[in-house]
Amino acid sequence: MTDFFSGLARLRRGPWEMLATVLIALGVVMLMQPFAMWAYTWSFIVTLVGTVMFIIVSHFPE
């Protein structure tokens with residue numbers, strides 16, 4: 001866990017890509033669930049942030 005946080009602090013690609021992927025997956029789950037309207041409302045924003053974040057962090061060093 002400390003390796004993950006130190007990778008985030010040092011702007012390394014691996015931890016940031018994992019975080020972006022989790023955001024994309026969370027946005028898709030929020031989009032597909034039928035129970036909470038607030039989750040459906042915010043799903044596009046969460047997916048968009050994860051996608052843009054993934055594009056940006058793909059240029060970070062290994």
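These entries record what I looked up in a predicted model of a protein.

**Entry 1: confidence.** I began with pLDDT. The protein averages 92, and 100% of the residues score at least 70.

**Entry 2: helix 2.** I checked the length of helix 2 (residues 13–32) against expectation. Its 20 residues should span 28 Å at 1.5 Å a residue, and the end C-alpha atoms lie 29 Å apart, which agrees. I next asked which residues of helix 2 are buried. They are Pro15, Ala20, Gly27 and Met30. Viewed down the axis of helix 2, these buried residues fall within an arc of 135°, so they line one face. On the face turned away from that buried side I found the exposed residues Val29 and Met32. I also looked for what covers the buried residues of helix 2, and the cover includes helix 1 and helix 3.

**Entry 3: helix 1 against helix 2.** The axes of helix 1 and helix 2 come within 7 Å and cross at roughly 100°. The range for roughly perpendicular is 65 to 115 degrees, and helix 1 and helix 2 are therefore roughly perpendicular to each other. At the residue level, I noted that Phe4, Gly7 and Leu8 of helix 1 meet Pro15, Trp16 and Met18 of helix 2.

**Entry 4: Leu11.** I looked up Leu11, which sits in the loop between helix 1 and helix 2. Its phi is near 55°, a positive value in a residue other than glycine. I set beside this the general rule that most residues other than glycine have a negative phi. I also asked how accessible Leu11 is. Leu11 is partly exposed, with a relative accessible area of 43%.

**Entry 5: Met53.** I turned to Met53, which is placed in helix 3. Met53 has a relative accessibility of 16% and counts as buried, because the cut-off for buried is under 20%. Which residues does Met53 contact, leaving aside neighbours within four places in sequence? I found Trp16, Leu19, Ala20 and Leu23. I also recorded one separation: Met53 and Glu17 are 36 residues apart in sequence, and their C-alpha atoms are 8.0 Å apart in space.

Conventions
Residues numbered from 1 in each chain as written. Predicted model: local features only at pLDDT ≥ 70, side-chain atom pairs only at ≥ 80, totals over all residues. Heavy atoms only, no water. pLDDT = per-residue confidence, 0-100. Helix = DSSP H or I, 4+ residues; strand = E, 2+ residues; numbered from the N terminus. Expected span 1.5 Å × (residues − 1). Buried < 20%, exposed > 50% of the residue type's maximum accessible area, 1.4 Å probe, protein only. Arc of directions from axis to C-beta. Contact = heavy atoms within 4.5 Å. Axes fitted to C-alpha atoms, helices over the stretch in contact; angles between N-to-C directions. Parallel < 35°, antiparallel > 145°, perpendicular 65-115°, else oblique.
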